[in-house]
Amino acid sequence: MNILCIGDIVGKPGRAALEGHLENIKQEFDIDFTIVNAENSAGGSGVTSRIAKHFFEMGCDVLTLGDHVWDQKEVETYLNEEEFIVRPANFPNGAPGKGWCIKTTSSGVKIGVINMLGRVFMRYYVDCPFRALEAIVEEISQQTPNIIVDMHAEATSEKIALGHFIDGRVSAVFGTHTHIQTADEKILPKQTAYITDIGMTGPCDSVIGQNKENIVQRFLTGRPVRFSVAQEGVSLHGVVIDVDETTGRARNIVRIQRPFAAQENALSSEEK
Ligand SMILES: [Fe+2]
Ligand SMILES: [Fe+2]
């Protein structure tokens, strides 16, 4: 089966690119299941319940998040209510929402999706992603061998180490958060698909999705500046992973990058 994983949707340009491309990509790659990282989809910071519902209507199966999960206060209730939106699993006990879910495809295959947050160069003091992941994988494995991990982290070393640590016990580990797609997609020795970062879906003529002039000023002056989502060079980034659903082992991983023309940049809904 083919699993589509799409990188961090950034603001309105990212949402438009997802909406513009999703159906065509699904047909082209014969996609059975779609996972989308939504952590920057609301104006670049977090996700709202309204935007998440729109993504499900578009045909996304599971939404993952990251360090921006708490940026929109409103979403906390929704995280508790909606089964197929997951935030990093290694936030301390008591955090709203859940860190993993299992969804059944239309052909009856169960797929577990786990969201983890790295600790290196990150702003939150979360639990150890290695040990937390291991415990969740053990639990999900009792129901299905098909397990996909979104490792949301800054440091390449932490993501690669986690991939090797869990190799052979999950179908795939894909990285998110840096917004820059890496060219290291591979099948690890024990048949887990791996990539350090699948990239973002949003304006790429920017500094990781934000207006480039503002960010350059921030570096030049050492002072805070107002962040705003850039608009130009919009592109969708992600991977397609082919998994043998009887064993959960990955057979192939392919990177995708799809530019999205500015004139197509109109959402079907009026959301910001
Ligand atoms: Fe992030
Ligand atoms: Fe992000």
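Start at S49, which touches E74, V75 and Y78 once residues up to four places away in sequence are set aside. Contact here means heavy atoms within 4.5 Å. S49 lies in helix α2. Helices (H or I, at least four residues) and strands (E, at least two) are DSSP runs, numbered from the N terminus. S49 counts as buried because its relative accessibility is 13%. Buried means under 20% relative accessible area, exposed means over 50%, and partly exposed lies in between (1.4 Å probe, protein chains only). T176 sits 127 residues from S49 in sequence, and their C-alpha atoms are 21 Å apart.

The model is predicted: local features need pLDDT of at least 70, side-chain atom pairs count only at pLDDT 80 or more, and totals for chains, interfaces and linings use all residues. Residues are numbered from 1 along each chain as its sequence is written, chains are lettered from A and ligands numbered from 1 in the order in which they are written, and side-chain values use heavy atoms, with hydrogens and water left out.

Now turn to the metals. The iron ion (ligand 1) has four protein donors: E39 (OE), D67 (OD), H152 (NE2) and H177 (ND1). They lie 2.1 to 2.2 Å from the ion. Donors are N, O and S atoms within 2.8 Å of the metal (3.2 Å for Na, K and Ca); water is not among the atoms, so sites may look incomplete. Along the chain, these donors follow the spacing E-x27-D-x84-H-x24-H. The pair E39 and D67 links distant parts of the chain, 28 residues apart. E39 is in the loop between β2 (33-37) and α2 (49-58). D67 is in the loop between β3 (62-64) and α3 (75-81). E39 and D67 are buried.

What arrangement do the four donor atoms make around the iron ion (ligand 1)? The arrangement is irregular, because the donor atoms subtend angles of 88 to 145°. Four donors count as tetrahedral if all angles lie between 85 and 135 degrees. Four count as square planar, and six as octahedral, if opposite donors are over 155 degrees apart and all others between 65 and 115. Anything else is irregular.

The iron ion (ligand 2) is coordinated by D8 (OD), E39 (OE), N40 (OD1) and H179 (NE2), at 2.1 to 2.2 Å. Around the iron ion (ligand 2), the four donor atoms subtend angles of 85 to 164°, so this arrangement is irregular. Its donor residues are spaced D-x30-E-N-x138-H in sequence. D8 lies in the loop between β1 (2-6) and α1 (11-29), and H179 in the loop between β8 (172-176) and β9 (186-187), so the pair ties together parts that are 171 residues apart in sequence. D8 and H179 are both buried. Which residue coordinates both ions? E39 does, and the two iron ions are 3.5 Å apart.

Next comes open space. Rolling a probe the size of a water molecule over the atoms shows where empty space is left. The largest pocket has a volume of about 560 Å³. A pocket is found on a 1 Å grid over the protein atoms alone, as an open set of points where a 1.4 Å probe fits, with protein on both sides within 12 Å along at least five of seven lines. Grid points are joined across faces, edges and corners, and a volume is the space filled by probe spheres set on the points. The lining of the largest pocket has 24 residues, and D67, H68, H177, I208 and F227 lie nearest its centre. Lining residues have an atom within 4 Å of a point. By class, nine are nonpolar, 10 polar and five charged. Ala, Val, Leu, Ile, Met, Phe, Trp, Tyr, Cys and Pro count as nonpolar; Asp, Glu, Lys and Arg count as charged; the others, Gly among them, count as polar.

I208 has a backbone feature too. Its phi is positive, about 40°, although I208 is not a glycine. I208 sits in the loop between β11 (202-203) and α6 (212-221). With a relative accessible area of 43%, I208 is partly exposed. Q191 is another non-glycine residue with a positive phi, near 70°. Q191 lies in the loop between β9 and β10 (193-195), and its relative accessible area of 32% makes Q191 partly exposed.

L188 is also found in the loop between β9 and β10. L188 is buried, with a relative accessible area of 4%. Beyond four places in sequence, L188 touches G163, H164, D167 and Y194.
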